[in-house]
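Visitor: I would like to learn how to read a structure feature by feature. Could you take me through one?

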Amino acid sequence: MVTLPVIACHECDLLQRKIALPPRGRARCRRCRAILYRDYPPGSDRALACTIAALMLFLIANAYPIVGLEVQGNRQTASLYDAVRTLWVEGREDVALLVGFTAMLTPAIEISLLIYLLLPLKFNRVTENTVPILRFLQTVRPWSMTEVFVLGVLVAFVKLEHLARVEAGIALWAFGGLIPLLIIASASFDPEELWAKATG
Amino acid sequence: MGESDRLTKMAFTRTAGRLGLLSCHVCNRLTESAPEAHEGRCSRCGSHLRSRKPDSITRTWALLITGYLLFIPANLLPIMHTNSLFGVQSDTILSGVVYLWTSGSWYLAVIVFIASILIPSAKLVTLTVLVVSVQRCSTWDPLQRTNIYRVLESVGRWSMLDIFVVAMLVALVHLHTLTTIRAGAGAAAFGAVVVVTLLATMAFDPRLIWDPQRARHE
Ligand SMILES: [Zn+2]
Ligand SMILES: [Zn+2]
């Protein structure tokens with residue numbers, strides 16, 4: 001029985017037979033409707049292309065100011081790094097670590113590990129340590145909160161408008177572009193292709 | 001309809017746990033486990049496998065209780081202090097929402113209220129209900145309960161909103177001669193609530209919701 005292509009649902013443990021899917025189709029669990037697996041267009045470079053674009057936007061998003069503020073001729077700008085540093089310097093190391101971890105470190109890890117896995121795959125090679133890296137990616141992903149951070153910036157933006165003239169910086173647009181890229185990249189990354197090549 | 005069809009049909013009304021199979025969360029492969037063993041190694045990728053998340057109920061309870069306790073300082077302590085010519089003003093999460101409401105940004109007030117107050121409190125209560133239902137081996141609509149769990153899993157992260165708002169305000173309105181904003185202890189407590197409730201959701205195993213179902217059909 002077990003030699004059949006059988007899969008267990010991750011959310012209710014029900015055993016189900018794997019069947020061929022129509023292009024871009026997804027298989028849902030018969031009992032709890034969880035997505036069991038999906039069909040990826042073969043040989044697609046979309047995941048790699050999106051991840052590389054995401055890396056470039058991520059670098060811009062971190063290098064440039066997100067918001068600028070003008071009060072009585074004084075101009076002040078803040079990048080994500082400035083926010084983390086200011087919190088740290090003012091004695092709120094706990095909040096600084098949380099912001100640095102969820103808005104900076106985890107997206108950086110997510111993007112760079114995806115490139116590390118996908119780039120060799122393009123040349124039909126499989127990265128060493130694929131298993132620990134995939135497992136690490138699964139652990140890290142829930143903590144990567146770029147989209148929440150962008151909404152937070154927008155709320156801060158409106159709050160400051162009562163106080164002074166506020167301008168959106170280049171990094172805000174870069175962060176905005178990063179959100180769909182990260183979603184597309186992780187949705188078009190087919191781990192099965194990796195497993196097929198890694199285990200022969 | 002031969003013997004093999006009948007066997008196949010039987011297999012597909014059963015769960016992996018029932019048949020002594022362990023499912024790999026990294027590569028999806030099923031591995032046969034030793035009899036009565038609830039742990040093993042994946043035959044394809046070598047990952048450590050467990051039949052269910054270990055001590056799921058105990059760990060979820062511990063994190064939930066921590067979350068309830070932290071929820072009090074998170075809401076009572078100020079999340080930020082504003083120093084200006086008019087003195088120091090301290091804001092809690094709720095007073096921040098009220099400020100947004102009265103200053104005319106009611107849509108933002110609603111967003112911040114949902115992310116910072118509604119989601120964390122609803123999450124604590126709903127996850128408690130789910131854990132209790134599993135402990136009592138409830139058979140109440142498992143699909144409904146799984147859907148509730150999925151909602152909890154996807155909305156939890158949005159509670160970080162206020163932490164990011166404070167971080168940006170602190171960075172911008174800083175070292176300013178007239179006005180300075182500093183983060184308060186409430187921000188740390190609130191951040192801890194978000195982290196703890198996220199961990200609690202991860203510690204809970206939704207397969208436990210379906211386990212009593214399986215026993216009834218035998
Ligand atoms: Zn299922
Ligand atoms: Zn595996």
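Visitor: What do β5(A) and β6(A) form, and how many residues are between them?

Guide: Strands (E, at least two residues) and helices (H or I, at least four) are DSSP runs, numbered from the N terminus. Two strands pair if DSSP finds at least two bridges between them. Here β5(A) and β6(A) make a hairpin with two residues between them, and A:Gln72 in the turn has a positive phi of about 45°. This is a predicted model, in which local features need pLDDT of at least 70, side-chain atom pairs count only at pLDDT 80 or more, and totals for chains, interfaces and linings use all residues. Residues are numbered from 1 along each chain as its sequence is written, chains are lettered from A and ligands numbered from 1 in the order in which they are written, and side-chain values use heavy atoms, with hydrogens and water left out.

Visitor: How many bridges join strand β5 to strand β6 of chain A?

Guide: Five bridges link β5 (residues 67-71) with β6 (residues 74-78), and the two strands run antiparallel. In this pairing, A:Glu70 stands opposite A:Arg75 in β6(A).

Visitor: Which residues in helix α2 of chain A are buried?

Guide: Buried means under 20% relative accessible area, exposed over 50%, and partly exposed in between (1.4 Å probe, protein chains only). In α2 (residues 80-89) of chain A, the buried residues include A:Leu80, A:Val84 and A:Leu87. Just after α2(A), A:Gly91 has a positive phi of about 90°.

Visitor: Which residues coordinate the zinc ion (ligand 1)?

Guide: Donors are N, O and S atoms within 2.8 Å of the metal (3.2 Å for Na, K and Ca); water is not among the atoms, so sites may look incomplete. The SG atoms of A:Cys9, A:Cys12, A:Cys29 and A:Cys32 coordinate the zinc ion at 2.2 to 2.4 Å. In sequence these donor residues follow the spacing C-x2-C-x16-C-x2-C. A:Cys12 lies in the loop between β1 (6-8) and β2 (15-17) of chain A, and A:Cys29 in the loop between β3 (26-28) and β4 (35-38), so the pair ties together parts that are 17 residues apart in sequence. Both A:Cys12 and A:Cys29 are buried.

Visitor: How many helices and strands has chain B?

Guide: Chain B has eight helices and seven strands. The radius of gyration is taken over C-alpha atoms, and the globule rule is 2.2 Å times the number of residues to the power 0.38. For the 218 residues of chain B the rule gives 17 Å, but the radius is 24 Å, well over that, so chain B is more spread out than a compact globule.
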